[in-house]
Amino acid sequence: MLTKTLYRSDMLRCVLCHDAPCTSACGRLDPAGLLRSIWFDNEKQAAARLPVEIPCRDCAAPCEKACVRPQEVPIRRLILRLQEEVKPELEVDPPADEERLRTEICGVPLENPFLLSSSVVGSTYDMCARAFEAGWAGVSFKTICSLDIHEASPRFSAITSDTGTIIGFKNIEQLSDHSVAENMEIFRELKKKYPSKVILASIMGQNEAEWEELSRLCAENGADAIELNFSCPNMAEGGLGSDIGQIPELVERFTASARKGTDIPILAKLTPNVANMSPAAEAALRGGADGISAINTIKSITGVGLHTYVPEPAVHGMSAVGGYSGNAVKPIGLRFIQELGDNPALSGMHLSAMGGVESWEDALEYILLGGGSIQVTTAVMQYGYRIIEDLKSGLNLYLAEIGAGSIDEMRGQALENVSDTTDVLERDTVIYPKFNRDKCIGCGRCMISCSDGGHQAITLGEDRRPRLNGKKCVGCHLCVLVCPQRAVTPGRKRVKLR
Ligand SMILES: Cc1cc2nc3c(=O)[nH]c(=O)nc-3n(C[C@H](O)[C@H](O)[C@H](O)COP(=O)(O)O)c2cc1C
């Protein structure tokens, strides 16, 4: 964890370029690919890809000069660290094939668990074809409907980090703006060219007859499964979109309508804009669904113009509540997948999990809580289809390292370790923080937080190093979380004195 943080922070100036000049300038290695792997929590795979001998130590680093931010990214040092610090620690060779990643979605074979989730990223033939070529196992195609869709401009806004990276993303996009006939043509062409790739047809009807008709049409034109969009927050009017997902009776009724249209698997895509998802999921099961997809986006306002008083995105002086996605929503997505994965009434239902997946570690967390397949949109919008390389190779190496024969072995492994309530937790021990005095720079942030947001257990000595008062410390670990040097870690365990 610590190593990862250091590696990541060292490459924050890297912009993950297209057709990166560092790689063209090097000619021997692929610095851009290696840095991308570090960015996406996949440094072990990056190290494993390096040849036995690398030319970096005595090299004048043309990669760093050619960089679009010349000399600002320590590319050479990062590669040397991979070679000298990470590679010797590798316990297994990277797997030669991707057999461990094979899985299924409601009985339909998937070559790996990763699909594009329904959105702009999978909305044309060309986009899906490029994603399939890059290695995605399938696509949940942009939601098909018979409505006349005219999108607003602009239609996105975001919360970003100091480096400009998108953390949370808001969209006010609606559904596919192609006709049903155009989309059916795309399905036929995709199936002809990529028969082993999986197409989930995301649909939204306006009434029972339309749900039935759309599911029938999609199945007839090559879809492998149907995904019922009961959850678009941007289509809430007139009983569409997330309004449906909030009303279990409608979920059951429209799932049953879609079921009448086809025998192929059906997944209900549910809204997180509810307190609990189980009532809607159980209704979908009663209506004939085989799986649940979750989460769709969360109703949000990302920012209000302080001089215009218009929230973002501003469309001709007006804005609207829209759907929030991206890495910021992962904790909420994980919580809903845990709720569904833990619900015995839903056992046997496939859970297609999504919400903020950027790296293989994000994906694995969903799988450990019961996810069977993984869908992604916002990370693809930010970084491109190419993230599939690190999603697959990182997960594959992890499985090889722990000796797992298949990704399915991991499903739900974390469920018994999490409870819906905090009542069940042991409360008789305290884990004190441990301060690494060599790493500490004496900023006093631990002291400030403990003083004003904790239990006044930390003081600063004359040497500006923290002193812990064990009688006052409750082991909350706020100091561990706020230390900018990562110099505070969990330490000794003590039975609490009452
Ligand atoms: C621009 C945009 C458009 C979307 N359009 C749809 C859609 O048409 N149908 C749908 O079911 N979900 C749609 N979604 C929701 C995503 O499929 C996904 O559920 C959500 O974004 C969470 O995943 P992520 O954090 O990986 O983006 C859209 C999301 C975004 C960002």
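These are my notebook entries on a predicted model.

**Ground rules**

I number residues from 1 along each chain as its sequence is written. Local features need pLDDT of at least 70, side-chain atom pairs count only at pLDDT 80 or more, totals for chains, interfaces and linings use all residues, and side-chain values use heavy atoms, with hydrogens and water left out.

**Entry: Lys269**

I looked up Lys269 first. It sits in strand E9, residues 266–269. Helices (H or I, at least four residues) and strands (E, at least two) are DSSP runs, numbered from the N terminus. Lys269 is buried and has no salt bridge. Buried means under 20% relative accessible area, exposed over 50%, and partly exposed in between, with a 1.4 Å probe and protein chains only. A salt bridge needs a side-chain nitrogen of Lys or Arg within 4 Å of a carboxyl oxygen of Asp or Glu. The nearest side chain of opposite charge to Lys269 is Glu227, 4.4 Å away. For charge, Lys and Arg count as positive, Asp and Glu as negative, and His and the chain ends are not counted. I then listed contacts, meaning heavy atoms within 4.5 Å. Leaving aside neighbours within four places in sequence, Lys269 touches Glu227, Leu228, Asn229, Phe230 and Ser231, among others. Its contacts also include Ser118, Ser293, Ile295, Asn296 and Met354.

**Entry: helix H12**

Which residues of helix H12 are buried? I found Ser278, Ala280, Ala281, Ala283, Ala284 and Gly287 in this helix, which spans residues 278–287. They pack against helices H10 (242–245), H11 (248–261) and H13 (330–341), and against strands E9 and E10 (291–294). Just after H12, Gly288 takes a positive phi of about 115°.

**Entry: salt bridges**

I found 22 salt bridges in the structure. Glu72 and Arg13 form one of them, at 2.2 Å, N to O. This pair links parts of the chain 59 residues apart. Glu72 is in the loop between helices H5 (62–66) and H6 (75–86), and Arg13 is in the loop between helices H1 (2–10) and H2 (21–26). Glu72 is partly exposed, at 36% relative accessible area. Arg13 is partly exposed too, at 39%.

Arg286 is in H12 and Glu252 in H11, 34 residues apart. Arg286 is exposed, with a relative accessible area of 53%. Glu252 counts as partly exposed, at 28%.

Asp463 and Arg467 form another bridge, with the closest N and O atoms 3.3 Å apart. Asp463 is partly exposed at 40%, and Arg467 is partly exposed at 37%. I also noted a network: salt bridges that share partners join Glu213, Arg216 and Glu220.

**Entry: aromatic pairs**

How many aromatic pairs does a search of the whole structure find? It finds 8. Rings of Phe, Tyr and Trp (its six-membered ring) pair if their centres lie within 6.5 Å; planes under 30 degrees apart count as stacked, over 60 as edge-to-face and the rest as tilted. Phe40 and Tyr383 are edge-to-face, 4.9 Å centre to centre with 85° between the planes. They are 343 residues apart. Phe40 is in the loop between helices H3 (31–39) and H4 (43–49), and Tyr383 is in helix H15, residues 378–383. Both are buried.

Trp360 and Tyr398 make a tilted pair, because their planes are at 40°; their centres are 5.6 Å apart. Trp360 lies in helix H14 (residues 360–368) and Tyr398 in helix H16 (residues 387–402), so the pair ties together parts 38 residues apart in sequence. Trp360 and Tyr398 are both buried. Trp39, Phe40 and Tyr383 form one aromatic cluster.

Most residues other than glycine have a negative phi, and most peptide bonds are trans. I looked for departures. Asp41 has a positive phi of about 60°. It is in the loop between H3 and H4, and is buried at 13%. Tyr309 also has a positive phi, about 65°. It is in the loop between E11 and E12, and counts as exposed at 66%. A cis peptide bond joins Glu312 and Pro313, with omega about -10°. Another cis bond joins Ala294 and Ile295, with omega about 10°.
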